[in-house]
Amino acid sequence: MRRDPTPQARPKPSPVTELAAGWYVALPSASLTKPRALDLFGRELVAWRDGGGRAVVMPRYCPHLSASLALGKVVDGHLRCRFHHWRFDGAGTCTRVPGARRIPETAHRRTYPVIERYGFVWAWYGGDEPMYPLPDFPALESQRDRYATYRFSHTTPASPRRVLENAFDFSHFMTLHGVKSPQSLSLTMLTDPGAAAENGPPIDAEVWAGARLASRELQLPRVLTALGMEGKSFALLVDGWTGGQRLTFFLDGKVVAKELLGITPVSRGRTVFQGWSLVRRSGRVWRDAPTYLAYRAQHLLGTREDLMIYRHAQETHSGVPVKDDHGVLKFRKLYQRWVERARCAEHDGTART
């Protein structure tokens, strides 16, 4: 018996529950060279570029007979369905139905607000209009020549909230990641977005969460000292929004590295966190190379340790909190407010088709 050469259809993404309104990474910019299927927010979408090169994210299936628009082609700046050649512009408006004198209103598709920065296409979740701007990260723009950079991307079954709250869980830096600094490690939750100016211009206060982790008596992990990194005090400045974070790492008061973290909520039980790490250059190659290797090795090791926990943890809103959980609890409260905003915007007569 001859096998059917047609590949099996991918399983449909499961709806993402408890997702906050916000800007999320949809896909890397460089990968969007032609229409492509995109699983995002637990929805089946299509991403493509219009005649001006602008990224478009919209529901995947043609409203005619439900063919995948990801199989289509961009013609005269419009996405043309492969099946019957219906066309859609960058606003999701159906502009042509072959043989029809009038295009039905129901043929139009709603698009997602998108912005393209930092090598990614970001999509807004939570209604038709973004509720705050995508935060700035000067280290990847006007200051990029000061850093050696690399991208990272990791997939986990954890929810976006769990990935983001990790930076506010300061005790796990000692227990899981081996940052040995008893009695001197502290986490201060910030109250003014301007206090995180080292990361970039202030993020909208309504969606912002910031903290500073500091240690006065640092014992660096072996992987760092083995590659020549030294320091007696450590600090981590983190601030972010519901879909990502900006971070700066200090040793002895000097910037060592920065990071931009973006969340991609693919479906329930599948989250990608990806972004950029930037290691500060000193101008001396003999010193910069070991620092770059040390930071990258520690970053990878720490991420693997977190991924192990994420893979086997239960998603919960409860638990038995202790004093050291104040950062996590504060972030969860903020995140939940934006979950409610998204729920109202997405389901109060604005559910996407």
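The expected span of a helix is taken as 1.5 Å times one less than its number of residues. Helices (H or I, at least four residues) and strands (E, at least two) are DSSP runs, numbered from the N terminus. The model is predicted: local features need pLDDT of at least 70, side-chain atom pairs count only at pLDDT 80 or more, and totals for chains, interfaces and linings use all residues. Residues are numbered from 1 along each chain as its sequence is written, and side-chain values use heavy atoms, with hydrogens and water left out.

The protein chain holds 5 helices and 17 strands. Of its 353 residues, 52% are buried (under 20% relative accessible area; exposed is over 50%, partly exposed in between; 1.4 Å probe, protein chains only). Contact means heavy atoms within 4.5 Å. Among contacts between residues at least 6 apart in sequence, 61% join residues at least 24 apart.

Helix α5 spans residues 326–347. From first C-alpha to last, its 22 residues reach 32 Å, close to the 32 Å expected at 1.5 Å a residue. Its buried residues include Val328, Phe331, Arg332, Leu334, Tyr335 and Trp338. Glu346 is also buried.

Strand β13 covers residues 209–215 and pairs with β14 in the antiparallel sense over 7 bridges. Two strands pair if DSSP finds at least two bridges between them. Arginine 212 stands opposite leucine 237 of β14. Strand β14 (residues 234–241) has 8 of its 8 residues buried. Phe234, Leu236, Val238 and Gly240 point one way. Ala235, Leu237, Asp239 and Trp241 point the other way. Both sets are buried. Strand β15 (residues 244–251) runs antiparallel to β14, and 8 bridges join the two. Phenylalanine 234 has leucine 251 as its bridge partner in β15. β14 and β15 form a hairpin, with 2 residues between them.

Glutamate 44 lies in strand β3. Its contacts, leaving aside neighbours within four places in sequence, are Lys12, Pro13, Leu38, Asp39, Pro59, Arg60 and Tyr61. Tyrosine 61 is 17 residues from glutamate 44 along the chain, and their C-alpha atoms are separated by 8.2 Å.

Empty space was then examined. Rolling a probe the size of a water molecule over the atoms shows where such space is left. On a 1 Å grid over the protein atoms alone, a cavity is a set of points where a 1.4 Å probe fits but cannot get out, a pocket is an open set with protein on both sides within 12 Å along at least five of seven lines, and lining residues have an atom within 4 Å of a point. Grid points are joined across faces, edges and corners, and a volume is the space filled by probe spheres set on the points.

α1, α4 (285–312) and α5 each supply at least two lining residues. By class, this lining has 7 nonpolar, 6 polar and 6 charged residues (nonpolar: Ala, Val, Leu, Ile, Met, Phe, Trp, Tyr, Cys and Pro; charged: Asp, Glu, Lys and Arg; polar: the others, Gly among them).

The whole structure has 2 cavities of 30 Å³ or more. The second largest cavity holds about 30 Å³. Cys62, His64, Leu65, Ser66, Ala67, Cys81, Phe83, His84 and Trp86 line this cavity. They divide into 6 nonpolar, 3 polar and no charged.
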